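User: I am new to this structure and would like to learn how to read its sheet. Please take me through it step by step.

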Amino acid sequence: MAIDQDAIRKHIRGILEALGDDPDREGLKDTPDRVARMYAEVFEGMNYTNEEIAAMFNKTFSENIEMKNDRDMVIVKDIDMFSYCEHHMALMYDMTATVAYIPKNKVIGLSKIARIADMVGKRLQLQERIGSDIAEILQMIVETEDVAVVIEGTHGCMTSRGIKKSSATTKTYTLRGRFKEDKELKSRLVMETTTHSTINPQN
Ligand SMILES: [Zn+2]
């Protein structure tokens, strides 16, 4: 299903009126159209299911993978991404995804993982679901259960209203297969995604 840009134009105009502004004034007259075109872009991922995204980026290498031991993981750290929260339609920013998996036979190109994160972010999301969507798509492509996704992000709905905790970031873990069961594997992942170098002067 394609995004209905005409309907978005109409409703954004209605929101401008509801805010008490004049949608025909100079600064606003093109706003409904701009928002419609922006939404088509930033919500592109809503046009596709996880299965379709997996098919889109299904480029794997099935070379003989020689891992030194069976806990060796492929890890792609700090992929920049953004998304919009489904509760407020507010931007989730300063967001990074770290994706790890233990390959069985298939390895995916690193740039493809970034493309998957990007596409999954282009939906109305919850931070937890960004993690589980990326994990599900990756499981389909590399055909392993052993996938972990760590998402860190700042939510505009928290930093721009209410108690303005502008430094509040949220970190979520999605652990599948052995990342869930194997304590050593799990702690290695946590170690890889924790920064030890910051000293907080407030402590
Ligand atoms: Zn929100």
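The dialogue below goes from the chain as a whole to its strands.

Analyst: This is a predicted model, in which local features need pLDDT of at least 70, side-chain atom pairs count only at pLDDT 80 or more, and totals for chains, interfaces and linings use all residues. Residues are numbered from 1 along each chain as its sequence is written.

User: How many helices and strands does the protein chain have?

Analyst: Helices (H or I, at least four residues) and strands (E, at least two) are DSSP runs, numbered from the N terminus. The protein chain has 8 helices and 7 strands.

User: What is the order of the strands in the open sheet?

Analyst: Strands of a sheet pair through backbone hydrogen bonds, either parallel or antiparallel. Two strands count as paired if DSSP finds at least two bridges between them. Here 5 strands form an open sheet in the order β5-β2-β3-β6-β7, and the pairing is mixed. β5 (124-125) and β7 (170-175) are at the edges with a single partner strand each, so one side of each has no neighbour in the sheet.

User: In which sense do β2 and β3 pair, parallel or antiparallel?

Analyst: Strand β2 (residues 74-85) runs antiparallel to strand β3 (residues 91-101), with 8 bridges. Opposite Ile75 is Ala100 in β3, and opposite Asp80 is Thr96 in β3. The two strands form a hairpin with 5 residues between them, and Met89 in the turn has a positive phi of about 55°.

User: And in which sense do β2 and β5 pair?

Analyst: β2 and β5 are parallel, with 2 bridges. Cys85 has Gln125 in β5 as its bridge partner.
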